[in-house]
Amino acid sequence: MKVLIVEDEETMARSLRLLLKKEGYDAAVARDGPAAVEAARREAPDLILLDVMLPGLDGIEVCRQVRAFSLVPIIMLTARTAEVDKVVGLEVGADDYVTKPFSPRELVARVKAHLRRAQMAAQSEPQTRVAAGGIVMDVARRQVLVRGREVALSPKEFELLRLFITYPGRVLGRNFLLDRVWGADFFGDVRTLDVHVRWLREKIERDPGRPEHLLTVHGVGYRLAG
Ligand code: CA
């Protein structure tokens with residue numbers, strides 16, 4: 001398991017690295033925002049510890065950019081007590097946050113919990129899925145019920161909804177969705193995704209103009225309200 005530590009303060013980066021190594025993880029360090037995005041893409045870590053105050057791009061922006069192509073669990077490290085950082089961090093797709101100074105044991109426990117959760121999500125492929133808002137999906141029969149009524153979805157709409165229901169509440173990035181539904185060799189217009197999301201909303205939302213389930217996360221992608 002590889003953890004990417006994004007931290008510009010040398011002492012902190014070093015102690016985090018030692019802590020994780022002692023727990024048996026591989027640990028790489030990125031020292032600024034652009035290097036972090038690059039390392040997340042190149043090294044495909046299993047988890048990212050992401051400081052908020054960084055040179056180049058701040059942690060919020062790094063989170064936004066990484067989330068657009070990856071579902072990797074992200075734990076934000078924040079020195080500030082400002083509630084707004086936490087809220088914004090979670091909105092752009094961070095999974096958790098830890099306020100500095102933190103106890104090493106607490107941090108390791110969170111890292112383990114998120115790695116375990118990610119592993120379980122990747123392995124579980126239940127045949128029937130239920131989402132909030134009364135959406136039921138029977139994958140084997142390719143049947144979808146919305147508030148008790150069956151709706152017909154195109155294959156792409158079905159795949160999109162399947163991903164959203166597999167990761168309820170999580171922010172799914174545009175490139176992640178395009179890769180998974182259209183394939184990594186898709187070179188078409190990225191607006192294709194928005195068009196399909198619009199069609200999907202017309203089928204699952206009470207008022208497609210004011211979606212309650214399939215929400216837009218500006219600059220990142222979409223999320224199914226948990
Ligand atoms: Ca910092």
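The legends below describe close-up views of a predicted model.

**View 1. The open sheet has five strands.** The strand order is β2-β1-β3-β4-β5, and the pairing is parallel. Strands β2 (26-30) and β5 (96-99) are at the edges; each has a single partner strand, so one side of each lacks a neighbour in the sheet. Direction ignored, neighbouring strands are turned against each other by 20° on average.

**View 2. Strand β1 (residues 2-6) pairs with strand β3 (residues 47-51).** The two strands run parallel and are joined by four bridges. Val-6 is placed opposite Leu-50 of β3. Helix α3 (residues 59-67) packs on the sheet, where it touches β3 and β4 (74-78). The direction of α3 makes about 175° with that of β4.

**View 3. Four residues coordinate the calcium ion: Asp-8, Glu-9, Asp-51 and Met-53.** Asp-8 and Asp-51 each contribute OD, Glu-9 contributes OE, and Met-53 contributes O, at 2.1 to 3.0 Å. Along the chain, the spacing of the donors is D-E-x41-D-x1-M. Glu-9 belongs to the loop between β1 and α1 (10-22), whereas Asp-51 belongs to strand β3, so this pair ties together parts that lie 42 residues apart in sequence.

**View 4. Helix α6 (residues 155-166) packs with helix α7 (residues 174-182).** The angle between them is about 125°, and their axes are 10 Å apart. The two helices are therefore oblique to each other. Their crossing is right-handed. On the α6 side the contact is made by Lys-156, Glu-159, Leu-160, Leu-163 and Phe-164; on the α7 side, by Leu-177, Arg-180, Val-181 and Trp-182. Sorted by class, this contact holds six nonpolar and three charged residues, with no polar ones.

**View 5. Helix α7 also crosses helix α8 (residues 191-204).** The axes of α7 and α8 come within 10 Å and cross at roughly 80°. These helices are therefore roughly perpendicular to each other, as angles of 65 to 115 degrees are counted in that class. Helix α7 contributes Arg-174, Leu-177, Leu-178 and Trp-182 to the contact, and α8 contributes Thr-192, Leu-193, Asp-194 and His-196. By class, four of the contact residues are nonpolar, two are polar and two are charged. Leu-177 and Trp-182 of α7 take part in the contact with α6 and also in the contact with α8.

Note on methods: Residues are numbered from 1 along each chain as its sequence is written. This is a predicted model: local features need pLDDT of at least 70, side-chain atom pairs count only at pLDDT 80 or more; totals for chains, interfaces and linings use all residues. Side-chain values use heavy atoms; hydrogens and water are left out. Axes are lines fitted to C-alpha atoms, for helices over the stretch in contact, and angles run from 0 to 180 degrees between N-to-C directions. Angles under 35 degrees count as roughly parallel, over 145 as roughly antiparallel, 65 to 115 as roughly perpendicular and the rest as oblique. A crossing is left-handed if the near helix is turned anticlockwise from the far one by less than a right angle, and right-handed if clockwise. Contact means heavy atoms within 4.5 Å. Ala, Val, Leu, Ile, Met, Phe, Trp, Tyr, Cys and Pro count as nonpolar, Asp, Glu, Lys and Arg as charged, and the others, Gly among them, as polar. Two strands pair if DSSP finds at least two bridges between them. Donors are N, O and S atoms within 2.8 Å of the metal (3.2 Å for Na, K and Ca); water is not among the atoms, so sites may look incomplete.
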